[in-house]
Amino acid sequence: MAEMLTLSRHILQRARHHREASGDFNLLMSHIATATKVVSRMVAKAGLLNVLGKTGDTNVQGEKVTKLDIIANDMLQAMLDDLPMVSATASEEDVSFVPTSAGATSGRYLIAFDPLDGSSNIDANVSIGTIFSVRRRANVDCNPTEADFLGAGNELVAAGYAVYGSSTMFVYTTGQGVDGFTLDPGVGEFVLSHPNMRLPDTCKCLSVNHANRLRWMGGTRAYVDHVVSRAEPRYSATTGRYIGSLVADFHRNLIYGGIFLYPADSVTPGGKLRLLFEAQPLAMIIEQAGGAASDGVRRILDIQPDGLHARAPLIIGNTVDVRLYEQMVSVHD
Ligand code: AHG
Ligand code: MN
Ligand code: MN
């Protein structure tokens, strides 16, 4: 029987050569993984559990909140609240960070998450996901502050996501490459299925919301037109794919190769996507898989957030395509 390398075993194996992935870290990650398994079950049965649709509330982002946004958010917070090594959590859904009951002053880890990414797709049964990142506090034995969360992404010690698709996958990095795990529902474990994930060097997918074209700046239009014109052999087989769930678009491109753009535009000059909860974790993953992530000018992982809910344009995927985009922005914007 093929070896069943579970997520927990994988992290323990990594602990032997990576000081971050200590026993503490394994416990932290297994709690995040457990929360995603519960969300996965909820998502799979959403239509039967009366958890579809909106709550009627609006979140700090000014977006309509879905019932599953809240369920996933509460699940993740509850799962992390009892961990003495976690000082605080921050969520895209909440105005401010939340100190944990068990580790507020003693914990050295901070967790930021987008509990449910792609919420607008839930009612249509389209793939959605959860995104998270882990950072360490500079100081312990004191209360956590918002400033503790506002480090550049190059300080992250781990990043990952769950994607609730035809199967549920868990993909993560601790800075030693990217590994993907598939949930075996019969066992209830994430099992290694995609070891050492590398971004293929083919720009198979161009992933952007073309309905926003009239809002784009010159550099974005020039780059997209260059790809669509198939002016280079590199783009001869490039196809358009846009799911509208960042995690699903990102995961597809990680498997096939490609570029995802949510650029600065005339309506969202600072970008739509959240720097802490979406761009930073996916930027760490893509760089660990051999790709690049930029806001069109700067490396995403070098950007210092100016607040918990800072947003950023996100251009992420094959390095050569991200660099070409940046070059077109420098000429046209
Ligand atoms: P969330 O559901 O966490 O708010 O994220 C939605 C984001 C992201 O998943 C996706 O790439 C983007 O919104 C789609 O935006 P548009 O519908 O404007 O294209
Ligand atoms: Mn999101
Ligand atoms: Mn979300």
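Me: Which spacing do the donors of the manganese ion (ligand 2) follow along the chain?

Reply: This is a predicted model, in which local features need pLDDT of at least 70, side-chain atom pairs count only at pLDDT 80 or more, and totals for chains, interfaces and linings use all residues. Residues are numbered from 1 along each chain as its sequence is written, chains are lettered from A and ligands numbered from 1 in the order in which they are written, and side-chain values use heavy atoms, with hydrogens and water left out. Donors are N, O and S atoms within 2.8 Å of the metal (3.2 Å for Na, K and Ca); water is not among the atoms, so sites may look incomplete. Asp-114 (OD), Asp-117 (OD) and Glu-278 (OE) lie 1.9 to 2.1 Å from the ion, and their spacing is D-x2-D-x160-E.

Me: Which residue bridges the manganese ion (ligand 2) and the manganese ion (ligand 3)?

Reply: These two ions lie 3.7 Å apart. The residue that bridges them is Asp-114.

Me: Is Glu-278 buried or exposed?

Reply: Buried means under 20% relative accessible area, exposed over 50%, and partly exposed in between (1.4 Å probe, protein chains only). The relative accessible area of Glu-278 is 1%, so Glu-278 is buried.

Me: Which residues touch the most other members of the largest nonpolar core?

Reply: A nonpolar core is a set of buried Ala, Val, Leu, Ile, Met, Phe, Trp, Tyr and Cys residues joined through side-chain atoms within 4.5 Å. The largest has 37 residues. Those touching the most other members are Leu-28, Val-134 and Phe-170.
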